[in-house]
Amino acid sequence: MSPERRTAAALADALAAGEATSVEVTQAHLDRIDEVDGALHAFLHVDAEGALRDAAASDARRAAGESWGPLDGIPIAVKDVMATRGLPTTCGSRILAGWVPPYDATVVARLRAGGLPIVGKTNMDEFAMGSSTEHSAWGPTHNPWDLARIPGGSGGGSAAAVASYEAPLAIGTDTGGSIRQPGAVTGTVGVKPTYGGVSRYGLVALANSLDQAGPVTRTVLDAALLHEVIGGHDPLDSTSIEQPLPALVEAARRGADGDLTGVRVGVVKELGGEGYQAGVLARFEESVELMTKAGAEVVEVSCPSFVHALATYYLILPAEASSNLARFDAMRYGLRVTPDVAENGAGPSAEDVMRATREAGFGDEVKRRIILGTYALSSGYYDAYYGQAQKVRTLVTRDFAAAFGHADVLVSPTAPTTAFKIGEKVDDPLAMYLNDLATIPANLSGVPGISIPSGLADEDGLPAGVQILAPAMADDRVYRVGAALESLLAAEWGGALLDQAPPLVEEGGLRRSRDHGGEG
Amino acid sequence: MTDTLLSYDDVLAQFDPALGLEVHVELNTATKMFCGCSTTFGADPNTQVCPTCLGLPGSLPVVNAKAVESAIRIGLALNCEIAEWCRFARKNYFYPDMPKNFQTSQYDEPIAFNGWMDVEVEGTTYRVGIERAHMEEDTGKSTHIGTTGRIHGADYSLVDYNRAGIPLIEIVTKPVLGTGAKAPEVARAYVGQLRALLLGLGVSDVRMEQGSLRCDVNLSLAPRGSGTLGIRTETKNVNSLRSVERATRYEMQRHAAILADGGKVLQETRHWHEDTGVTTSGREKSDAEDYRYFPEPDLVPMAPGREWVEQLRAELPEPPHERRARLQAEWGFSDLEMRDTVGAGALGLVEETIAAGTSPQTARKWWLGELARRANESETELADLGVTPGDVARVQALVDEGSLNDKLARQVFDGLLDGEGTPDEIVAARGLAIVSDEGALSAAVDHAIAANPEVADKIRDGKVAAAGALIGAVMKEMRGQADANRVRELVLERLT
C-alpha cells in the first residue's frame, strides 16, 4: 500500500520497523497534495521545505535511536486558525493576508515537540464562521466524495485533506461542530475534546468559551494518538484543565474488539427526527442496532433544552466574536486599507483607516456576526440576549448531567444532512446554521464528542456520521465506544468507508465533478 | 476660549459641591497583569512586549497572582469587603493604543468594594466612602506628533505598547458630600493620604509625575441645601496633588458660573492644564458611550480563599491614621506639633530618631527646626538630606553628655551634609569637642576679666546679668568649644 493510504498508526509502525522513512512518507503526501489539491483546495499554504526538513530531522533522530513520541515523523496538516511561527496564518480572512505569526500555538509547539512535520495550513470558513468552507476569503474547498459539494465547515480543509490522503492527520477546531460536521460529510473521524482539555493558546479565537482544538483523522486510534500529543494542561491557557488526560490510546485499542457489554448508550430524543435526512437517520439507526448487538444497553434520553441550543449559540458566539475581532484594526498587523480623505486636505484618521480596513477585510458572514454580537451586548439588550443565553447554557449543562445519569455515552447523527452542493445555502444563513443543530450542545456544555462515519445515505450515496458524546473529562469513553462502533461497521462494510469513495485521480487526470463538469 | 468663573465665596453661598475621585494606581509587580513581560519604566519603546500584551491573534491572558494579592491588600487597607468570587470583564472600545480594542477590566464584580478612608484636613476628619477597587490592565501610550499634541490634528502618532498590560488598580470613591469650602483641600488630602497608604503597603511607586498614580476628579454642584446631585464633569490629566486641589476649585467656579447664569453643565470629560490652570473640554461623555461589558471568557473566575484574605489582613501595616494617633499619644505632641511633623514628611524620621534614644521633643526640634531649614534652603526633602535618624540621635547624645553644645552640633550637621563621615568622625576631624580642661578654661576666664574691667566691676556690684558679656568673651577665646554653664560658674566664683 502506498504510504499516503496508510493510517498514522500503521505509518508509525513502519517507521519504527525501519520499513519507511519520514522523508519518504512526507514526500509521498506532498506529492499527493501536488496531484489533487488543485481540484480540492484543501490547503491555503503548503510548506514542503519545512516539512521535509523536519522529516529528515526525525529520520536522523530515529537513526540515533531516539524518538520524540509515537507520532515522530508522521506528517500533519494544521487548520489555518492556529498560529504557526514562520508560516502564514490567515484564518481564511483577507484581513490577515500576509500575517506570519512570531509564535507557535501550544498545539503547534506540541506537534513540533512530538516530531510531526507540518505539511501546510488548511482552508476554513473565515474566522471559523460557517459549515461549508465556502466563507473562506480564498475560495471554497471541495468534498473529495463529490467535488461539486461542500466538505463541511468550518474545518473543511482539514477534513478534505485527510479524506483525500493528502495528510494522515490534521488539526481542526470545533466551536459548534467545525471538526465533527466536516468529519461526517467527508467520511472521516473528528474529535472535539473536553473544553479545556487541549490548550487554546495560539488558536485565533472565534468564541473563547466554545472553541476547542482536536484531531481530524481517518481512524479512531489515530485520533487518540494525536489527542495525546496535543492535549493536557497548558499554563498559558487559564481555562486549561490541570488534571492529566485519561488514557485515550488505551481506550481506543480496548474498544477495537467491538465489545460493548454493559455500556449504557443514550439516544438523545431531541437530536433526530424532523429536519434530519432519511438516509442519515437510517445509518444512525443501524449504528445503534450494531451497538445493541455488541452488548450495549440502549436507552432513550430526553434533553429538552437542546431545542434552544442553536438560538443560544447564535447569541453567545457572535457576542464573543464581535469582541475578539475588534483587534483587527490595521494598527499592528494584517491588512491596512488607507482611504482617500481629501476633504479639508487632511489625511485619513486612525478611525478612517480602521473603518476602511474592516470594511474591505471582513467577509459578509463575519460582518453579520459582528453586528449580531455587538447588538446582543449592547446596553439595554444584554440581559435579554447574552444574559438569557448564558442561563439557557446552564440548562443545557443540566440536561447533559441528567442524561449522563442514565447513560455512559449519548449518541445522535452528527449532522442532519449529507454534504450539500456548493452555493446551495450560501445565501441562506439560517439554513446553513441548521447544520450544527446536533453538535452545538456539546460546545455549550464543554463535553467531548467524536464523529465517526456511519455509512452512505441511500438518497445520494454520500457519507453520514454518528456522534458519540461523553461527560466532561471522560474523553476516553468516546474513544472506546467510537473504536468499537468503527470496528463493528468495518466488519459490515468489509473495510473502511473511505475505501468506497470514488478515486480522485483516474486515467487521464483528475476526476471531474459528478454533477458539474466544470468543477475541479 | 476663556471660561467664566464665579468667585469662590459666591460658589459656596449658592451651591454644595459633590466630589468623586477615581485614582488609577500602577502596581509595582515585576511582570504585567496578564503576561510575563517586564514592567520596568523607561525602556526603549516596544521592547517589553509579547504576543499577549500586543493582543496578537490567538494569544491568551493569564492572571498575575501577585497583582491579585496587591489588589486584595489595597482593598483591605481601604476597609473594603473582598469578593468571595469575582471575574474580569471586557470593556469594548476602539483606540489605537489598546492592542485588543478591549480592555480587560472588572465591571460589576470588583475584587474589593464598599470601604472607606478617613481624611484629615486642618483638624477635621472627613470619611471618604470607597465604592470599589478593581483590577485592570493599562493601555499603551500614544504620542501625537504635530501642533496640537492631541490625536485630532496630529500629523501622525506613535504608540508604545510597553505600558500595555501593566497592572492597574482603579479606586473609585462614593460621592463625597458635605465638604463645602474644603472640597478642594479634601480632594487633595484624599489623594495624598491614599498615596501614603499605598506607599506604606509597598504595592506601587505612586509617582504622579511618571503616571504610576493618576487621578480623575469628578465634580458636580447642587443648589445649596437641596440634597440632590448635579451634573458632573470628569477632569483628567490631574497629575500632582496641587493640581487636584486647583482643578477641583476651578471646576467648582466654572460650574457655578454656568448654573448661576441659568445654564446647564455639559456632562463631559475635561482636561486639566497645569501651566494655565484651566480645564478644557475633552470628548463628550454621554450615555451613548456603550462599552458592551461582558465577562472575560479567557479567564476563569477568581475566588480568593478566606484564609488567605485573613492572612493578608493580619499582615497589613498599621493604617496611617491609627499610627499617627498612637505616635501622638506616645510622644505627647500637641495637635499642631503632630500636624507639622506629618506635613513636613518627618513622621518616620522622628520615630526612628526617638527609637535611637532621643527624647520626642528634641527629635522634633532637630528635624523640624535645624534640618527642615536646611532642606528648605537646598530645596530637597528631609528624607533626602543625607542625615539619618541615627546621626541625629548620636549628635544629641554628644550634647547630652556635654561633649557638644547646640552651636557645635550645628557644625556637625554641616559636616554631615558635606558628607564628611559619622558625627564622631566629624567632631574629631573638625576638633569640635568641648574643652573640659579646667586650667585652660580658668586662664581664659582670667583673660576675659582682665580685658573687661568695667564689666567685672558691674558684676561685683551685683549686676549678675552682665556676666553674659564675659561668658561671650571666654567662648570666643575658646572658639566655642566650652560649656557655657561651666564658664558662668567660673566667672561668678571669681567676682561674687
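Let's start with I230 of chain A. Is I230(A) buried or exposed? I230(A) counts as buried, because 26 C-beta neighbours lie inside 10 Å, and the cut-off for buried is 20 or more. Keep in mind that this is a predicted model.

Where does I230(A) sit? It belongs to helix 7 of chain A, residues 220–230. Now its contacts. Leaving out residues up to four places away in sequence, I230(A) touches V107(A), R110(A), L111(A), V198(A) and A213(A). There is also G114(A). Along the chain, G114(A) and I230(A) are 116 residues apart. Their C-alpha atoms are separated by 8.8 Å.

Next, the cores. In soluble globular proteins, nonpolar side chains tend to be buried together. Here the largest nonpolar core has 168 residues. Which of its residues touch the most other members? They are I76(A), M82(A), A170(A) and V409(A). Take A170(A). Again leaving out residues up to four places away in sequence, A170(A) touches I76(A), A77(A), V78(A), T122(A), S158(A), A161(A), V162(A) and V216(A). Another core, of 69 residues, lies apart from the largest one. Among its residues are V11(B), V128(B), A183(B) and V186(B).

On to where the chains meet. Chain A gives 33 residues to the contact, and chain B gives 24 residues. Helix 10 of chain A has the largest share, at three residues.

Last, chain B as a whole. It holds 16 helices and 14 strands. Why call chain B more spread out than a compact globule? Its radius of gyration is 30 Å, while the globule rule gives 23 Å for 496 residues, so chain B is well over that value. Along the principal axes, the C-alpha atoms of chain B fill a box of roughly 95 × 55 × 50 Å.

Chain B is divided into domain 1 (8–312), domain 2 (318–430) and domain 3 (438–495). The centres of domain 1 and domain 3 of chain B are 68 Å apart, taken over C-alpha atoms. Of the 496 residues of chain B, 39% count as buried. And the contacts? Among those in chain B with a separation of 6 or more, 68% join residues 24 or more positions apart.

Technical notes: Residues numbered from 1 in each chain as written. Chains lettered and ligands numbered in written order. Predicted model: local features only at pLDDT ≥ 70, side-chain atom pairs only at ≥ 80, totals over all residues. Domains from an automatic or database assignment. Contact = placed C-beta atoms within 7 Å. Helix = DSSP H or I, 4+ residues; strand = E, 2+ residues; numbered from the N terminus. Rg over C-alpha atoms; globule rule 2.2 N^0.38 Å. Buried ≥ 20, exposed ≤ 12 C-beta atoms within 10 Å, placed from the backbone. Core = buried A, V, L, I, M, F, W, Y, C linked by C-beta atoms within 7 Å.
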